[in-house]
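Have a look at the picture before reading on.

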Amino acid sequence: MRVVETPEALKALVGQELGVGDWLEVTQEMMDRFADVTGDHQWIHVDVERAKREMPGGKTIAHGYLLLSLLPKLGAGVYKVSWPSRTLNYGSDKVRIINPVQAGDRVRLRQALVAVDDGAGGTHRIVVRQTMEIEGKDKPALIADTIRMTFP
């Protein structure tokens, strides 16, 4: 894991890759539990038997919002900033779900630093390009620019 000690050190990394996380299997159980929490029980995510008959590849596919919700878990081992007292999720820009993730696929996160902006009172706005790769596939599952705010 890359540890960044100061805002200045982080700013020096703008335009660079921060690192790549570990692989995580997206299981049918994860998709079923996500469907239960969100109420999104569309058959393409939860009906294994129908997917065998009707889906390309014969498998269910993960919810796009499930993939987006995995970003913190997948990114936890890539880098961290050590100076702030706290950080908050500030949102996302340019979220694109490009390639379906099938049940049993493994995904990992590649992170690159897009911007670090100074804010009022010693805060910083950090924009990171999140690219979720699917093992064995050329096209990523999703690409999103996520924004975090740090507080002194």
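What follows goes from the overall fold to a few salt bridges.

This is a predicted model. The protein chain has 6 helices and 8 strands, and from the N terminus on they run β-α-β-β-α-α-α-α-α-β-β-β-β-β. The C-alpha atoms fill a box of roughly 55 × 30 × 25 Å along the principal axes. Of the 152 residues, 40% count as buried. A UniProt record, an unreviewed entry, places a "MaoC-like" domain at residues 13-123; over this stretch the chain is 30% helix and 31% strand.

Now for the charges. Side chains of opposite charge can pair when their charged atoms come close. The structure holds 10 salt bridges, and the table shows some of them.

| Salt bridge | Closest N and O atoms |
|---|---|
| Arg-110 and Glu-133 | 2.6 Å |
| Asp-145 and Arg-129 | 2.4 Å |

Which strands does the pair of Arg-110 and Glu-17 link? Arg-110 sits in strand 6 and Glu-17 in strand 2, 93 residues apart. Arg-110 also forms a salt bridge with Glu-133, a residue of strand 7 that is 23 residues away.

Is Glu-133 buried or exposed? With a relative accessible area of 18%, Glu-133 is buried, because buried means under 20%. Arg-110, at 25%, counts as partly exposed, and so does Glu-17 at 40%.

Asp-145 in strand 8 pairs with Arg-129 in strand 7, so parts 16 residues apart in sequence are tied together. Asp-145 is buried at 5% relative accessibility, whereas Arg-129 is partly exposed at 32%. Finally, salt bridges with shared partners join Glu-17, Arg-108, Arg-110 and Glu-133 into one network.

Terms used
Residues numbered from 1 in each chain as written. Predicted model: local features only at pLDDT ≥ 70, side-chain atom pairs only at ≥ 80, totals over all residues. Heavy atoms only, no water. UniProt positions renumbered as here; feature names shortened; annotations may be inferred. Helix = DSSP H or I, 4+ residues; strand = E, 2+ residues; numbered from the N terminus. Buried < 20%, exposed > 50% of the residue type's maximum accessible area, 1.4 Å probe, protein only. Salt bridge = Lys/Arg side-chain N within 4 Å of Asp/Glu carboxyl O.
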